[in-house]
Amino acid sequence: MNNFVLSAHAVMPMFLIMAVGYMIKCTGLMNRSDVFKINKVSFHVFLPCMLFYSIYTSDIYASIRPSLMAYAVFSVIVVFLISWIYISFTEPELGLRSVSIQGLFRSNYVIMGIPIAIALLGKKNIGAVSVMVGIIVPLYNVLAVLCLEHFNGTKTSLKDHVIPILKNPLIISSILGILFLLLKIRLPYSLDHMVSGLGDIAAPLQLFLLGVFFDFKGMKRFCRQLITVNVGKLIVFPAVFLFAAYLLGFRNADFVSLMGIYAAPTAINSFTMAQQMGGDEELAGSIVVSTTAVSILTMFMWIYLFRSLGAY
């Protein structure tokens, strides 16, 4: 019963915050276009502050785990390749392949993974999760570009994608957090509290925006694709790679950081990238919405199961 209550406490606040966002949209106070404006501010201010501060206040030697990072990178690439092969054989429409592949391998690691980690471990114990952002986010971006360029016929230079990745505020804030921690640079009291306060805004705001982003149009049209992505993304891949991680001995913060990769829904950025690179944006948006809704149930299942097994 304690495991059940803990699992519910980890998931229910996220569900309720998203529900409030959806209700706000229904009242007309906000609409889907507002999400992109506010998300831009959050991406450049609140999320970087959250990542910086969580690394800055962590134990660097406990946070940087080579074995965990190697497993995360290897498993993400394996998921990407499996998704590519499976969708290539099962999806007849070329225009939908890249979006379906993105939906299967790319997780909402920052927006959903970090709130899960905070709920399960506490704000001061998510250093390993935050450090992983600097590895997983660029990897997702590179793989998504390869996929979209291949199936949608867009051709761009490597420079066009390397520079934006290096300028990504999430990557910059993660690197700064590591540097400040390694060099033992301490922020003045007022600045420390300002960064902490701005970072506290990030997770609830992003969950709220996901609720506003919800739009159930297109669900019927893409029923087959959505079933494939939801089953693969939220059930099959977590079952394989989380159980493998458990058997390999990953525990506590290490294991929770991997839950952020595999139990989280498809990244909202996959919708934006599909828009920019010729993918089917309606399917991309439907994947984000459906996986986010279904993940409330599947995340509870995985949290409860692995809590019962003593993974964290």
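**Overall build.** I began with burial and noted that buried residues (under 20% relative accessible area with a 1.4 Å probe, protein chains only; exposed is over 50%, and partly exposed lies in between) make up 54% of the 312 residues in the protein. The model I was reading is predicted, with local features needing pLDDT of at least 70, side-chain atom pairs counting only at pLDDT 80 or more, and totals for chains, interfaces and linings using all residues. Residues are numbered from 1 along each chain as its sequence is written, and side-chain values use heavy atoms, with hydrogens and water left out.

I then looked up the secondary structure and found 14 helices and zero strands, where helices are DSSP runs (H or I) of at least four residues and strands (E) of at least two, numbered from the N terminus. The C-alpha atoms fill a box of roughly 55 × 45 × 45 Å along the principal axes.

**Single residues.** I found serine 196 in helix H10, residues 189-213, where serine 196 is buried at a relative accessible area of 15%. Leaving aside neighbours within four places in sequence, serine 196 is in contact (heavy atoms within 4.5 Å) with Tyr53 and Lys123. Leucine 176, by comparison, sits in helix H9, residues 169-182, and is partly exposed at 37%.

**Cysteines.** I searched the whole structure for disulfides, meaning pairs of cysteine sulfur atoms within 2.5 Å, and the search gave zero. I also noted that cysteine 26 is exposed, with a relative accessible area of 53%, whereas cysteine 147 is buried, at 0%.
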